[in-house]
Amino acid sequence: MIEVRNLTKVFDLAPARARRALDSATDAERAVRDVGGVLAVDDVSFSVGRGELFAVMGLSGSGKSTVVRMINRLVEPTAGTVSYDGADVGGMTRQELRELRNRRISMVFQHFALFPHRTVRENAAYGLKARGVPKRERLERAERALERVGLAHRGDAYPDEFSGGMQQRVGLARALATDPDVLIMDEPFSALDPLTRRAMQEQLLELQRDLGTTIIFVTHDLNEAMRIGDRIMVMKDGRVVQLATGPDIISRPATGYVRDFVSDVDRTRGLTASAVMQRPWVTATVDESPADVLARLEQGPGRCAYVIDADGRIAGVATAETLAEAVRKRQADLGGSVRDDYTAVPGDTPIVEFCHLTGGHSVPLAVVDGDKHLVGVVPRSRVLDAIAAVPEEVGEHG
């Protein structure tokens, strides 16, 4: 959906002079500083997939807000390219750029920027008014957007009647009313209290599931990025220091800077079943010989096996005891040995939601994919190790 390559931004210098300083330098930051400029973003590259919720995380001054504003050229890049759905944003005419901002990419900011003299419905419809949509249609679309954020019954109210969280819902509704392909959210929840902030995160995730909108979400809070982002791009001093999924960042921080952030993250919420699972010790199919499966069990640490059907889904479990009984009865297959003493969770389930399920069955907790295929297991020891573990050592540059 969006491709960013070698994006760079220098402030306080004319573009041509800034590019000359960059082209002749081995140390870009020093070269720009020596001629009176500020290197805010330094050679950033990333891509955002259609329907992805992509989080950009960094502290103040890291360059994260500047990067996202260059996507639709609210900030003009000094160097590098941005393409939107295959089109070069840098080469767009003024009319094409206006079309991009009005119809394709909407933005939601930390400060709600609502008009106090307009009703909530009129505020939600404002982007459509700027686009020239007829009044009746824009108010109907605004009403649908307000319904999506839980404010359909408050359209006639005014912003000063609302709390900060409700005002931010109006700002989100205004963006959704334009039916954008991409939603850029620049620290939209940072001014909210913790409970309201969590509620807004929940609502955003629900909207994402329902609408499938591509979202770029900027935050300085790694816990927030972990909670909502499909992938997270961590920035420091204008550069990308790591781009990965939340569990990967927790388990394998790329630098000491990232490792320091990870140390404060709630690992039970950031790590998922997929991140801590291991291969099953033994699996079997229903048509296998009980004696063969029992022999495999005796060679490993487990006392039970997951039994898989012809489609790769879990048919049940077979324990050493049931297998031994089947051998004594000379049963040809596992048909009489399969029990349903197991629990399965999707791979994206956070530890906090399944840790109480481990250790309660004859087999480790099963991890399944979207088609219910067995992809791994989580013994209780893996959960305890994951919660207590120190992140892996960073590379030589960390």
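A residue counts as exposed when its relative accessible area is over 50%. The views below show a predicted model.

**View 1. Arg330, an exposed loop residue with a positive phi.** Arg330 has a relative accessible area of 76%, so it is classed as exposed. Its place is the loop that links helix H15 (320–328) to strand E14 (344–346). The phi angle of Arg330 is near 60°, a positive value in a residue other than glycine. Most residues other than glycine have a negative phi.

**View 2. Asp237 in the loop between strands E9 and E10.** This loop connects strand E9 (231–236) with strand E10 (239–244). Asp237 also has a positive phi, near 55°. With 54% relative accessibility, Asp237 counts as exposed.

**View 3. Asp348 and its surroundings.** Asp348 is found in the loop between E14 and helix H16 (351–354). Its relative accessibility is 60%, and it therefore counts as exposed. Beyond its neighbours within four places in sequence, Asp348 is in contact with Thr272 and Ser274. Thr322 is 26 residues from Asp348 in sequence, and the two C-alpha atoms are 32 Å apart in space.

**View 4. Packing of helices H14 and H15.** Two packed helices are described by the angle between their axes and the distance between the axes. The axes of H14 (residues 290–298) and H15 come within 9 Å and cross at roughly 145°. The crossing of H14 past H15 is left-handed. On the H14 side, Pro290, Ala291, Val293, Leu294 and Leu297 meet Ala320, Leu323, Ala324, Ala326 and Val327 of H15. By class, this contact holds ten nonpolar residues, with no polar and no charged ones.

**View 5. The open sheet of strands E11, E12 and E13.** The three strands lie in the order E11-E12-E13, and their pairing is mixed. Strand E11 (283–285) and strand E13 (314–319) are at the edges with a single partner strand each, so one side of each lacks a neighbour in the sheet. Neighbouring strands are turned by 35° against each other on average, direction ignored. E11 pairs with strand E12 (residues 304–308) in the parallel sense over three bridges. Within this pairing, Thr285 has Ile308 of E12 as its bridge partner.

**View 6. The hairpin of strands E15 and E16.** Strand E15 (residues 365–368) runs antiparallel to E16 and is joined to it by four bridges. Leu365 has Val378 in E16 as its bridge partner. Five residues separate the two strands, and Lys372 in the turn has a positive phi of about 70°. Strand E16 (residues 374–378) is largely enclosed by the rest of the structure, because four of its five residues are buried.

**View 7. The largest nonpolar core.** This core has 32 residues, and those with the most contacts inside it are Leu172, Leu183, Met185 and Phe217. Two or more residues come from each of helix H5 (120–131), helix H6 (135–148), helix H7 (164–177), strand E7 (182–186), helix H8 (194–211) and strand E8 (214–219). H7 gives the most, with six residues. Apart from this core lies another, of 29 residues, including Ile2, Val75, Met92 and Met235.

**View 8. Contacts of Phe217.** Leaving aside neighbours within four places in sequence, the residues in contact with Phe217 include Leu53, Phe54, Ala55 and Val56. Also among them are Met185, Pro188, Phe189, Leu204, Glu224 and Ile228.

Definitions and conventions. Residues numbered from 1 in each chain as written. Predicted model: local features only at pLDDT ≥ 70, side-chain atom pairs only at ≥ 80, totals over all residues. Heavy atoms only, no water. Buried < 20%, exposed > 50% of the residue type's maximum accessible area, 1.4 Å probe, protein only. Pairing = 2+ DSSP bridges. Core = buried A, V, L, I, M, F, W, Y, C linked by side-chain atoms within 4.5 Å. Contact = heavy atoms within 4.5 Å. Axes fitted to C-alpha atoms, helices over the stretch in contact; angles between N-to-C directions. Left-handed = near helix turned anticlockwise from the far one by under 90°. Nonpolar A, V, L, I, M, F, W, Y, C, P; charged D, E, K, R; others polar.
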